Structures are given as C-alpha cells and as structure tokens.
Amino acid sequence: MRILIKGGRLATELEKGPIDILIEDGVIVGIGQISTGDQVIEAYGNILFPGFIDAHTHLDMDTGTAHTSDDFASGTRAALVGGTTTILDFATQDKGDTLMNALKMWQQKACGKSYTDYGFHIAITDWNEHISKELLFMKDAGITSFKVYMAYDALKVTDDALYEILQSVDRLGGIVGCHCENGDLVKVLSKEQKGLGHLGPSAHPDSRPDTVESEAIGRFLDIAYLAGATVHVVHLSTEKGLEVVKRTKARGQKVYVETCPQYLTLDESAYTLKNFEGAKYVLSPPLRTKQDQQALWQGLQKEWIHTISTDHCAFNFETGKKQGLADFTAIPNGVPGIEHRAQLIYTFGVDKERLSLKQMVNLLSTHAAKLFGLYPTKGTLQIGSDADLVIWNPHYVGTLSKATQLQQVDYTPYEGLLVKGRAEHVLLRGVHVVKEGKVIEQCQGQYLFRGPTGNLG
C-alpha cells in the first residue's frame, strides 16, 4: 500500500510551503507535489516531524527496593502517543555478571511488547578482561553505546576502570555516556543532612549540590581526554556543569551533552511542597534553580547541548515514593515524562521562541539518530528513510494530567500544566499507529541494530 501524507509542512523547511510525502513498504519514496496514493492522510495546517527519539529511558527496572511502574508495553505506548517512535533503554549489567546476560534480560522485557522501535545502551558496572572481550559480541548484537555511573555503589565504576572502558569502546567505534555525580560526596552529604534531622524531600537537593555534578563532569571529561575518547554527558542539570563542558570543548575535545525536560521546566521549589508531595520530584540529579534553567536553555540555543531525552523512570507515589517517608534517601529516584517530552519542548521552547522548529527536530530526533548509529534510517524525513513520521497539530491546546495520561503511574510532575501542540497522527515505518491523538495499533516495535556512533557531522 502506498500511503500519501498530503499538504503538511516540513519542520525543517517550513518556509517552503505545503509538501506531500509518499510512503511504500515502510520507507519514504517520494517528497514533493504528489497526486496519488492508495491511502491519503491529510496534514494541511500541520507540521511534519521525523519520529522523535528518546535516548534515555528506564522501563521495567528493579532497583532492589522498588520497581518502575512502566514496563515496555505501557511506557512505549505512552511514548508513541507523544510522537516518540524510537527509544533507547538501559540494559544494566549486574556486578559479577556478563554484558550478554544483561542484554538477554532486557530483550526478554521488550520483545513483542514494545509499541515503538527500540534499542539498548549497555550499562557497564563491572570491568575485567572477560567483559572487555564481550564488547565485540555487543557490537555484533547491534549495541554501540554504553553507560557508566560515577554514583551508586551497586553501579559505579572506578576511575581506572573508566579509563579502560573509554579506550575499549572508542576502538570499537562506540560511545560511552556517563551519569556524572560524585557518589562519595553524595553519601557523606546525605549522612550530614540526616545528622541535622533533615529527613524530608527538601534535603535531597542539599545532598547533591551543583558541585557534585560539575566535579564529576570535569573528572569524567579529563579521563576521556587522556583516553582519547569521544563521550556523552547524560542529564545535565546545572550551569556549573555546563561551564565545565564549555571549557572542555574549548580545548578541542569531542563531548556531546543531553539534558531533560524536567530541568528546563521545573525547579527546586518543588521539594518544599507540603504533605510529602516533594517526593514526586526526587530524581538524580535533582531539580535545580531558575538560573540553572536559563543556562540550559542558552546551552540549547548555542548548541552546547545536543539532545533532549526524558530519563523516564517512573515510580508510583503511593507504593514507591512513600517508602522514604522517614528517610529521603529511601525515596526511589526518578520521574515520569516519556509521554510529554515533545509537548513540553514545543510549548516552552518553540512557542516561547527559545528554539526554532529546526532546533527542536535536532534536539528530539536527528542528533540522537546520528549519535547512536541510527541515521539516516531514523531521525530525518528523506527518501530512503524509515517512514517514522509525526503530523503535529500546532493549534492544539490542552492540560497535562495524571487522569488522561497513558504513562502507568499515579502522578505526573507536570499536573495542570497548559501545553500547546500535539502529535495528531504518528506513523511507525509506514504503519499508522496514532490517529487523532489515540493509539490505534498494538506492539509494532522492532529491535534496532545500530552502527558506529558519536558523530553529528
């Protein structure tokens, strides 16, 4: 069947006027003025985006004390209705176990359940000669991006191991992303807060101040410099951290940076909400100041920050977050957001003239595709690319609410927020999966084998 998208405007070339896109066998075969198709989807007055890519999600994840409320079915269904057609989740190695077992476990979680196409970053928590040899098997399995942690005892790696991981992955043609927080400082500062009798959510940001992030970013980038490796800083939250990145780039180092919608739209005042409501906003790194927000928006505008993903890590408030009623360090860290990313960036970025539509395309789709070995199959609307396509209604106005969301969680940190624009229709490899803002097809997602990473070109 030849599907014709009629009369939309390309987000990257809005000024050129309405165009048509012809789709056959799941790929784009024509762009221009096209008269016929077996099925016609009218897009007049709407904006055409390539399917959005969320390169940072945590679905069906067990922390040992809590389990995320969204699995691959519910999480990717929510992603899809928001216009996201590809996710990259984290398959996390248990210490003492293999990378292959981590991949097998996450494949079992996702296979046959995903509404979006999907791939994995492998989170390396243990490093030795055997694990280093496994990297070649990961490449054969289509895995070319990895993650390390500088915090959390069950996850973090030592600096010497980090150096070797960076060298090994770089030789593979891959890239390493890092959770940059000084875990030792977090532990001592948390202990200090509890010693002062500060046990509620308001102690969370005090236990992880901006220096905890900036120090770790600086150390990570210095180690990457010595290793000669291109790297990725995930969920940047602070002005101080951004300044470290800028200094590093000034010496010619290749570093790519991600931030998240929560750091652009929410701030640390949420931690002072009454009735333990502040626990809903406990994530790491924590929400920051309005000044940090402004710095991150500037970083996006000047392309010091390259992608916006969600770090979607949803725990129910009643059965998850409230585990920390007597101790803020027991609150499961993470917030939901996989469903609302594009609306938030369109509303607070494009509509407020902080970002252009072309920048939105790059930040939510094209740059992630290039960084993680998916381009030009994903991340662009051009002949030969997968027909992952979002028909965006810029005239839509709505309110975000837990009552209407598809995310399988009992709250949203954006409750009552007015947003503009929505994904009216979504196609995944040519299959019409969202119609008039409703999911109409089940579990069409496929696993993605990815190529060399780490170059925006």
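1. A salt bridge here is a side-chain nitrogen of Lys or Arg within 4 Å of a carboxyl oxygen of Asp or Glu. With that in hand, welcome to this predicted model. Asp117, Lys378, Asp386, Asp388 and Arg429 are linked in a network of such bridges, and the count for the structure comes to 23 salt bridges.

2. Strand β15 (residues 418–428) and strand β16 (residues 431–435) run antiparallel and are joined by four bridges. Leu428 has Val431 of β16 as its bridge partner. Two residues sit between these strands, and Arg429 takes a positive phi near 50° in this hairpin.

3. The chain then moves on to another hairpin. β16 pairs with strand β17 (residues 438–439), again in the antiparallel sense, over two bridges. Here Val434 stands opposite Val439 of β17. This hairpin also has two residues between its strands, and Glu436 is the one with a positive phi near 50°.

4. Now for some salt bridges within helices. In helix α7 (residues 210–227), Arg219 and Glu215 are four residues apart, so about one helical turn separates them. Their side chains meet in a salt bridge at 3.0 Å, N to O. Arg219 is partly exposed, with a relative accessible area of 23%, and Glu215 is partly exposed at 29%.

5. Lys156 counts as partly exposed, at 22% relative accessibility.

6. What about the cysteines? The structure holds zero disulfides. A disulfide would need two cysteine sulfur atoms within 2.5 Å. The sulfur of Cys178 has its closest cysteine sulfur in Cys180, 3.7 Å away, and so is too far for a bond. For Cys260, the closest cysteine sulfur is that of Cys313, 11 Å away, which is also too far. Cys178 is buried, with a relative accessible area of 0%, and Cys260 is buried with 0% as well.

7. Last, a look at the surface. Tyr163, Tyr225 and Leu226 form a nonpolar patch there, with about 330 Å² of accessible area together. Tyr163 belongs to helix α4 (residues 159–172) and is partly exposed, with a relative accessible area of 30%.

Definitions and conventions. Residues are numbered from 1 along each chain as its sequence is written. This is a predicted model: local features need pLDDT of at least 70, side-chain atom pairs count only at pLDDT 80 or more; totals for chains, interfaces and linings use all residues. Side-chain values use heavy atoms; hydrogens and water are left out. Buried means under 20% relative accessible area, exposed over 50%, partly exposed in between (1.4 Å probe, protein chains only). Two strands pair if DSSP finds at least two bridges between them. Patches are made of residues with over 30% relative accessible area and no salt bridge: like charges are joined within 9 Å, nonpolar side chains (Val, Leu, Ile, Met, Phe, Trp, Tyr) within 5 Å. Accessible areas come from the Shrake-Rupley method with a 1.4 Å probe; for residues, only the protein chains shown count as cover.
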